[in-house]
Amino acid sequence: MYAYTDFDRQFVHARAAQFRDQLQRHLAGELPDDDFKALRLQNGWYVQRHAPMLRVAVPYGALSARQLHTLADIARVHDRGYGHFTTRQNLQYNWIPLAQAADVMDKLAAVDMHGIQTSGNCIRNITSDALAGVAADEIVDPRPYCEVMRQWSTLHPEFAFLPRKFKIAVSGAAEDRAAIGWHDVGLQLKKNAAGAIGFQVLVGGGMGRTPIIGTEIRSFLPWDQILCYLEAIVRVYNRYGRRDNAYKARIKILVKAEGQKYFDAVEAEFARILAEDVGAGLQLIPQAEFDRIAASFARPAGVVPAADLPTPADAPLPYQRWLQRNVHAHQVPGYKAVTLSLKRAGLPPGDATADQMDAAAALSARYSQGELRVSHDQNLVLPWVRQADLPALFEVARAAGFATPNIGLITDMINCPGGDFCALANARSIPVAAAISERFADLDEVYDIGDIDLHISGCINSCGHHHSGHIGILGVDKDGSEWYQVSLGGSDGSTISGAAMAGKVIGPSFAAEEVPDVIEAVIDTFRAQRQAGERFIDTVRRIGLPPFKAAADAQRHLTAAH
Amino acid sequence: MQFITHASQDPWHAAGGEDGPQPHPPVRAHSLLTLEQWHAVRQTWPATVPAGITLANTVDIETLAADLLRFGLVVLHFPKWVDGRAYTQARLLRARYRFRGDVRATGDVLVDMVPLLARTGFSQAQLRADQKLDVAQRALGFFAGHYQGDVLQPRPAFARDLRQEAGPAAERARAELHAGQGI
């Protein structure tokens, strides 16, 4: 993991002190709500339905056991005993009183954490592959690059108040586990024919009201130029992005409206930065600095390659299933990465109680070099598990409720907090997720359905990534009651899902009670229509929407199909 | 950072008449002109009298590149404090065009913006009427250094010796650099 320097450490403490000053002025009535809002947002503080929400940054999803214990402590002492892991690899609390905000930021700073730029119209926490540095299919470890970009984007004075939020995702593997096409900037690390490292740069992706996939602006940018190139991308956006309408303010709208003109403007700006700007040359990342940061991400000393162990053929079914779904290939022989499922009956997807956070931290200390990852699909990952430890880990993970063998299956759904917590939401998403989980409680059936991405958002802001789900569910508000739009055929850009694309809506929205029946009807249609070896998404692509739409419409008893 | 707290002590004055800006303002020292006024007089304005100019945050600095040496002050505007376009204008003025005159922030300028203003090259700020000078000065003091290069410090953290940025000597240097004085 990245090791904080004294500079990093005093920086987060300075940020906590600055926030305390702002909070005190606000609480003393000197800093009105309107002015305080943008300041608290850039420290991760929203005002929600019941209390402020705090979004804690987990840079590129990497957490230490010590940090997770602190997150558990904060949940226990300041919240109501739980937190919610998000698709952007962050952690959210929902019940911390604002008056305790500065104390919480101090506690976070004490373990090298913060809420910097987890919200607001600025460059957000940079996300990456949860298997970065351990994935068997890795081309280049993205973490040192993510860290350089984290530093560059942190309190960037020119880009603190952009037209709208700005999200960067980085992948360094053959498989895209970071959904880079869906980000304002998506970066794919690659090696060219000469073995040099660079980035494929996508720009202008995003969800929300207008889902758009990022377009390639550079097929290969030498890695050391990335900060200057990002500066060009963001500067052109800062100058020309729309500010008259929040729904049209994301960079995707600018890229869509201007097309090649935007690309040309970025390239011209990039050339001028390099040729003319004071200090531009200093922003080219020196190899020595890269090496210094990369040294933080060296393989932990305790990781010793070993012979790969065969899977016992006579192992009990639950263990076999766990190996199949929750255990992932590793780049070190004798090791595996293991997903701790946060998708289990009785708890909202992505939620973890304080006790569970402590338990996961303890598992990571015992089995994974004290390191964890937060995955884009809202689970925790132990990146450094010895194959020899798998049977023991399975038993303790199961006892702690982390071993539901459902990764990539229908109950491993992505879900935002929805209307139960979020002030933006039009509808609740947690009860819908719970109803669907209940409907698909039979594990044999879940395995028979196979690989599928089910994504649920409580509103068009798309925190639950409904656009990219093979099945997407979107909460909408009509006359003050909750309705749900269902879409099919979306993709996050992973191999099994195909090129990133938004799903298509299958008709007018459904009533909340109809949703589980609709999902079941859609799944039944798939099972009736699939050909041998076909996944859900393959069948949708092959036969199109009408059969699914007909099956879904047959479930309407409260709503009309037209 | 210099804080413009009393208009009466500000040497710069808008070239306005009773009906708004004069279309062809007379040559006077410390005249603060609109872009339109500048366009009207730029052919005849003497090089020996630095002008001040007020720009909307939509103006492309590039279009004034040839004139910048004739300005003693560029006033950039924040219509809302969360509209960050003027930060880019200021940074380009300094980093690309090497503008050496004053750059002033006006409009909805909050004390909490002051660190960003300083780092993007503003030398003066005219705070919103309800803002407090002592809080603005305090706002400049929280961070010993930043990660990315900026106008005050073009070297990013990775190109500096960070050990020199902690400790009392560095604190003093920082205090001097940021010493706020109202005029």
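Let's start with the open sheet in chain A. Five strands form it, in the order β6-β7-β8-β9-β10, and the pairing is mixed. Strands here are DSSP runs of E, at least two residues; helices are runs of H or I, at least four, and both are numbered from the N terminus. Two strands pair if DSSP finds at least two bridges between them. Which strands sit at the edges? They are β6 (127-128) and β10 (215-222) of chain A, each pairing on one side only.

A quick word on the source. This is a predicted model: local features need pLDDT of at least 70, side-chain atom pairs count only at pLDDT 80 or more, and totals for chains, interfaces and linings use all residues. Residues are numbered from 1 along each chain as its sequence is written, while chains are lettered from A and ligands numbered from 1 in the order in which they are written.

Back to the sheet. β7 (residues 168-171) and β8 (residues 185-191) of chain A run parallel, joined by four bridges. Look at A:Ser171: its bridge partner in β8(A) is A:Gln188. Then there is a helix. α5(A) lies across β6, β7 and β8 of chain A, and runs at about 160° to β7(A). For that angle, axes are lines fitted to C-alpha atoms, for helices over the stretch in contact, and angles run from 0 to 180 degrees between N-to-C directions. Contact means that two residues have C-beta atoms, placed from the backbone, within 7 Å.

Next, another set of strands in chain A. β1 (residues 45-47) pairs with β2(A) in the antiparallel sense, over three bridges. A hairpin of four residues connects β1(A) to β2(A). In this pair, A:Tyr46 stands opposite A:Met53 of β2(A). β2(A) is also joined to β5 (residues 91-93) of chain A, antiparallel again, by three bridges. There, A:Arg55 faces A:Gln92 in β5(A). Is β2 (residues 52-56) of chain A mostly covered or mostly open? Mostly covered: four of its five residues are buried. Buried means 20 or more other C-beta atoms within 10 Å of the residue's own; exposed means 12 or fewer; partly exposed is in between, with C-beta atoms placed from the backbone.

Now the whole chains. Chain A has 17 helices and 21 strands. Its radius of gyration is 23 Å, close to the 24 Å from the globule rule for 562 residues, so chain A is as compact as a globular protein of that length. That radius is taken over C-alpha atoms, and the rule is 2.2 Å times the number of residues to the power 0.38. The C-alpha atoms of chain A fill a box of roughly 65 × 60 × 55 Å along the principal axes. Buried residues make up 57% of the chain.

Chain B has five helices and ten strands. Here the radius of gyration is 17 Å, close to the 16 Å that the rule gives for 183 residues, so chain B is as compact as a globular protein of that length. The C-alpha trace of chain B spans about 55 × 35 × 30 Å along its principal axes. In chain B, 39% of the residues are buried.

How do the chains meet? 35 residues of chain A are in contact with 32 residues of chain B. On the chain A side, the elements giving two or more residues are α1 (6-27), α2 (33-41), α5 (143-153), α6 (226-240) and α8 (260-276). α1(A) gives the most, nine residues.

On to the core. The largest nonpolar core has 214 residues, and those touching the most other members are A:Ile233, A:Ala360, B:Val74, B:Val114 and B:Ala125. Such a core is a set of buried Ala, Val, Leu, Ile, Met, Phe, Trp, Tyr and Cys residues joined through C-beta atoms within 7 Å. α6(A) gives the most to this core, ten residues. Leaving out residues up to four places away in sequence, A:Ala360 touches several others, including A:Leu68, A:Leu340 and A:Phe402.

A:Gln369 is not a glycine, yet has a positive phi of about 55°. A:Gln369 sits in the loop between α11 (354-367) and β14 (371-374) of chain A. With 20 C-beta neighbours inside 10 Å, A:Gln369 counts as buried. A:His465, also not a glycine, has a positive phi of about 55°. The loop between β17 (454-457) and β18 (471-478) of chain A holds A:His465. A:His465 is buried, with 25 other C-beta atoms within 10 Å.
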